[in-house]
Amino acid sequence: QLKQQKMMHGERLSGRGLTAHYFFTFGVAVQVVGDRTNTKVEHRILHLDAAAAVVKLIQKGSVKVVLRFDTINQIVYDDAEPRSVLISCSDDRRYFIVFQSAEDNLVFRTACSDLTAGHLDPNRFQRAVLKKGQLMKRGKAGALFGDRYAILTPRKLFLLRGKVSVFPSNAISLEEVSPRFDDSKGTIHLDVCGKEYVLQGTDKEVSQEWFVEIARAATSRVHTLMWDDSTAEKMKQEAE
């Protein structure tokens, strides 16, 4: 019975970190640069596969684009646009990518820099799990709610179609989000880069519990990067 209650209300974890496989996953908007036949901006999941040294762009759980580090000529960051990067490949492909937050971009930038240098240590990143469990997410155009497995970390919410899904269906940055709770419907509302996510627990009480935890996570002051002098110096050199 206790196990069932934990599944319903979302299990709290302490002293355990989110696996790096999920942590280096981001919600992004992608545009192919220089392709006149495809000028639209598409929303994707970007996954940095540290083990294989590749960047993957994912749509609905399927890998659509694979960018190997040995085929990437340059990753350009613009301090004036802290959420965006431009990835140029050796086959002349170029991808303009906008992250949901500057923090997501900074994590990606730091991980790529460490990978290029040959020593990415996931323990340098704050990966504390604050809460996990079942939530429901409303589909497009007000469609019916679908079950999701949610993992909450400081300023980030991952939604998986199932507990053992290979990739999250959504990786939501909470850095610039002010969560809202609709008391009449028992729903949680997150406005992220012009897109609204509507979430709901198994009942109103569960929804309220999740709302409180998400609101706390959104305002968490925990630093994602565990800085040291060598990291600061390396980032400074890249900027110059």
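**Close-up views of two strand arrangements**

**View 1. Strand β1 and its partner strands in the predicted model.** Threonine 25 has histidine 47 of β2 as its bridge partner, where strands (E, at least two residues) and helices (H or I, at least four residues) are DSSP runs numbered from the N terminus. Strand β1, residues 25-32, is joined to the antiparallel strand β2, residues 42-49, by six bridges, and two strands count as paired if DSSP finds at least two bridges between them. Five bridges link β1 to strand β7 (residues 94-99), again in the antiparallel sense, and here glutamine 31 stands opposite phenylalanine 96. Six of the eight residues of β1 are buried, that is, under 20% relative accessible area with a 1.4 Å probe and protein chains only.

**View 2. The open sheet of seven strands.** The strands follow the order β11-β10-β9-β8-β14-β13-β12 with antiparallel pairing. Because β11 (170-173) and β12 (180-182) stand at the edges with a single partner strand each, one side of each is left without a neighbour in the sheet. Neighbouring strands are turned by 35° against each other on average, direction ignored, with axes fitted as lines to C-alpha atoms.

**View 3. Strands β13 and β14 with helix α4.** Five bridges pair β13 (residues 187-192) with β14 (residues 195-200) in the antiparallel sense, and valine 192 stands opposite lysine 195. Helix α4 (residues 204-218) packs on the sheet, touching β8, β9, β10, β12, β13 and β14, where contact means heavy atoms within 4.5 Å. The direction of α4 makes about 110° with that of β8, on a scale from 0 to 180 degrees between N-to-C directions, the helix axis being fitted over the stretch in contact.

**Notes.** Residues are numbered from 1 along each chain as its sequence is written, and side-chain values use heavy atoms, leaving out hydrogens and water. In this predicted model, local features need pLDDT of at least 70 and side-chain atom pairs count only at pLDDT 80 or more, whereas totals for chains, interfaces and linings use all residues.

Terms used. Buried < 20%, exposed > 50% of the residue type's maximum accessible area, 1.4 Å probe, protein only.
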